[in-house]
Amino acid sequence: MNFLKKQIWSLAILLVLVVALSACAGKMNPAAEKQDQASGGQKPAATKTVKTIHGEITIPVQPKRIVVDMYQNDLLALGIKPVGSVKYYLDNPFSKELVQDIASIGDRGSVSVEKVLALEPDLILIGSKDVGEYEKYSKIAPTIVIPYGTYKNVHEELTAFGELLGKEREAETWLAQYDQRMQAARDKLKGIIQPGDTFTVMEASPKEYYVYGDNFGRGGQAIYRGLELTPPPLVQKELMGETQWKSVSREVIDKYAGSYIFLTVSKENTGYKGDSIWKSLSAVRNDRVFELQEDRYWYFDPIAIVGQAEEIADLLVQRNKENAPQK
């Protein structure tokens, strides 16, 4: 019996020591306790590593506070509302109903670093290849540079953003709707656009014209890619690849002018009259010049492109009605 009592006492003492040591161990790790309290007991946000033009960068798997200087509407199409954007893109007329509560961080070329800092972003997306711009932003939060022109079409662009931000399903859904809207816009033009019709996107200046391709704003993406309208042969040859714009003298503009012209104008330049060379162009003589306001057609994001395509289709339908022979 004495032996059994000694064994019981030994086990009891051992148990007390284990409990005491466990309590001490918890008190001896105040840093871990403080960190746990600061995070509210939540696990750290999951991260992933992505390849960029500045090497591999670690970003949140599901970023919550994104600041952009260009790609605002790509995020909006995916159902993501950035916390900060540039005034120029906040003023985009094709997404004005979607930008409530997005803070302005300044305008193009004059972004306020202080405003970006105050927004406490966990990810920044920019379009500039300028190393100084990247370094400025990367001191605030993980920064990914996606140079303008990286993507060749809306499908490629939005799919890439969906993969980057974990919104693959949202990208697929939005692109399906985009395809339906584009097809509906193209269907409106059946019987209006004839074989051999060509279309030129351009701007006028006092001394020359500027002609644009299919990936440089001015409605080019909507006209050539969305509505699948045909450029003149010289525009196809010179402006549908790496080169997307060029200045053209008045003397040779007829070689670039299609049977339809989309002329980007400012409010001050509305009602462009041109000179005798301009007036001799087929599109001008046949009343097939369409003025596109620059504050609507300089934008080139997915939301703007589908909106522009629908507007242009309606313009072509309306002009066709106006020019139809009266019965």
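Me: Which residues is L316 in contact with, leaving aside its neighbours within four places in sequence?

Reply: This is a predicted model, in which local features need pLDDT of at least 70 and side-chain atom pairs count only at pLDDT 80 or more, whereas totals for chains, interfaces and linings use all residues. Residues are numbered from 1 along each chain as its sequence is written, and side-chain values use heavy atoms, with hydrogens and water left out. Contact means heavy atoms within 4.5 Å. With those sequence neighbours set aside, L316 is in contact with L189, I192, I193, F199, L229, Y260, F262 and F290.

Me: Which residues touch the most other members of the largest nonpolar core?

Reply: A nonpolar core is a set of buried Ala, Val, Leu, Ile, Met, Phe, Trp, Tyr and Cys residues joined through side-chain atoms within 4.5 Å. Buried means under 20% relative accessible area, exposed over 50%, and partly exposed in between (1.4 Å probe, protein chains only). In soluble globular proteins, nonpolar side chains tend to be buried together. Of the 93 residues in this core, those touching the most other members are L125, F161, L165, I261, W278 and L316.

Me: Which helix gives the largest share of this core?

Reply: Helices (H or I, at least four residues) and strands (E, at least two) are DSSP runs, numbered from the N terminus. The chain has 14 helices and 14 strands. The largest share of the core is nine residues, and these come from residues 302–323, helix α14.

Me: Why does R319 count as buried?

Reply: R319 is placed in helix α14. Not counting residues up to four places away in sequence, R319 touches D287, R288, V289 and F290. R319 counts as buried because its relative accessible area is 17%.

Me: What share of the 327 residues in the chain is buried?

Reply: The accessible surface of the chain comes to about 18400 Å² (Shrake-Rupley method, 1.4 Å probe; for residues, only the protein chains shown count as cover). Carbon and sulfur atoms hold 54% of that surface. Among the 327 residues, the buried share is 43%.

Me: What is the phi of E120?

Reply: Most residues other than glycine have a negative phi. E120 lies in the loop between α5 (113–118) and β8 (123–126), and its relative accessibility of 60% means that it counts as exposed. Phi of E120 is positive, in a residue other than glycine, and is near 50°.

Me: Is E228 buried or exposed?

Reply: E228 is not a glycine, yet it has a positive phi of about 60°. Its place is in the loop between α9 (220–226) and α10 (233–239). Because its relative accessibility is 52%, E228 counts as exposed.
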